[in-house]
Amino acid sequence: MLSPFALPMLPRRALPLRLLDALLYSSAWLAAAAAAQTAAVLRGLPGGFGAAGWQAVALVFAVTLLTYNLDAALPFKHRQPVGTSGRKAWQHRHRWGLAALAGAAALGGAWLLLAGGWLHYLPLLLPLAALALGYSLPLLPWRGRWRAVREVPLLKVFLIGGVWAAVTVGLPALALHRPLAPLAPLAALLAQRFFLVSALAIVFDIRDFSRDRLTNLRTMPVVLGLGGAKAVALALLAISVAIGLGRGAPPLVVLLPSALAAWIIAVARDTRSDYFFALVADGALLMQAAVALAW
């Protein structure tokens, strides 16, 4: 009998599929989505596409690459069952490459922080960094022991939504070295993105539903069931749409990505392929940015 910790024995894949796996499972695709969303915000700010703006785009790409690859490369992740997940098998086989990629992203991000004059914003950036690291590392005291933030019941999706919105909306404005007061007009966009990303984050809890239920990790699908989790995700998406239309964004820019997100939520289940989640679900974030940039 195959051990749940054993790597699936897969035939050698064609080069295009191997490249696609590397793009998706190294989180480069997700980092590109974060960078594109940052660029979409900069497009609406005076002087946004100057040198400081592009540095912010590069910084967001590096930080996203660092955060997700650090999570994937943690040693305890490779003691967890691989099962039939091609994504986990790929990350297990390339764990040292992912660690090296995280290290390169950390060095690149540090250089950008120094070169871009971000140090005087350090009091604002440190809490974001702590939340990002605390997502997987046991840095939070909770009920008698140290836990990762993702272990706190029902908190994970809102943490992801909050950090993602703060990084892709807040950092572009800070990159232009504006005082905090002018950030107020971006509050509606920040809220819109928070609810959109939180809704899509529930999709990834649906992906991990069976495993999380076995390990008693109380995510939203485990607590509410798949139907309840999807209802919450659709409600969060509806709030995002209402905020987007209410702040005067072009309807197509709001409704087209949201329609794709609603379809993804509706058809999500834990038996779908890794490509559905890594390519399509993460791709909804990239599409949202692409529509905004093209408008």
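Trainee: Over the ring of which residue does the charged end of Arg-272 sit?

Mentor: This is a predicted model, in which local features need pLDDT of at least 70, side-chain atom pairs count only at pLDDT 80 or more, and totals for chains, interfaces and linings use all residues. Residues are numbered from 1 along each chain as its sequence is written, and side-chain values use heavy atoms, with hydrogens and water left out. A charge sits over a ring if NZ of Lys or CZ of Arg is within 6 Å of the ring centre and within 35 degrees of the ring normal. The charged end of Arg-272 lies 5.0 Å from the centre of the ring in question, that of Phe-276.

Trainee: What is the geometry of the aromatic pair formed by Phe-276 and Phe-277?

Mentor: Rings of Phe, Tyr and Trp (its six-membered ring) pair if their centres lie within 6.5 Å; planes under 30 degrees apart count as stacked, over 60 as edge-to-face and the rest as tilted. The centres of Phe-276 and Phe-277 are 5.1 Å apart, with 85° between the planes. The pair is therefore edge-to-face.

Trainee: Which residues link up in a network of salt bridges?

Mentor: A salt bridge places a side-chain nitrogen of Lys or Arg within 4 Å of a carboxyl oxygen of Asp or Glu. Asp-208 meets Arg-207 at 3.0 Å, N to O, and Arg-211 at 3.5 Å, N to O. Asp-208 is buried, with a relative accessible area of 7%, whereas Arg-211 is partly exposed at 25%. The network consists of Arg-207, Asp-208 and Arg-211.

Trainee: How many residues apart are Asp-205 and Lys-156?

Mentor: Their side chains meet in a salt bridge of 2.6 Å, N to O, and both residues are buried. Asp-205 belongs to helix α8 and Lys-156 to helix α7; helices (H or I, at least four residues) and strands (E, at least two) are DSSP runs, numbered from the N terminus. The pair links distant parts of the chain, and the separation is 49 residues.

Trainee: With which residues is Leu-171 in contact, leaving aside its neighbours within four places in sequence?

Mentor: Contact means heavy atoms within 4.5 Å. On that criterion, the partners of Leu-171 beyond those neighbours are Ala-56, Val-60, Trp-118, Leu-125 and Ala-166.

Technical notes:
Buried means under 20% relative accessible area, exposed over 50%, partly exposed in between (1.4 Å probe, protein chains only).
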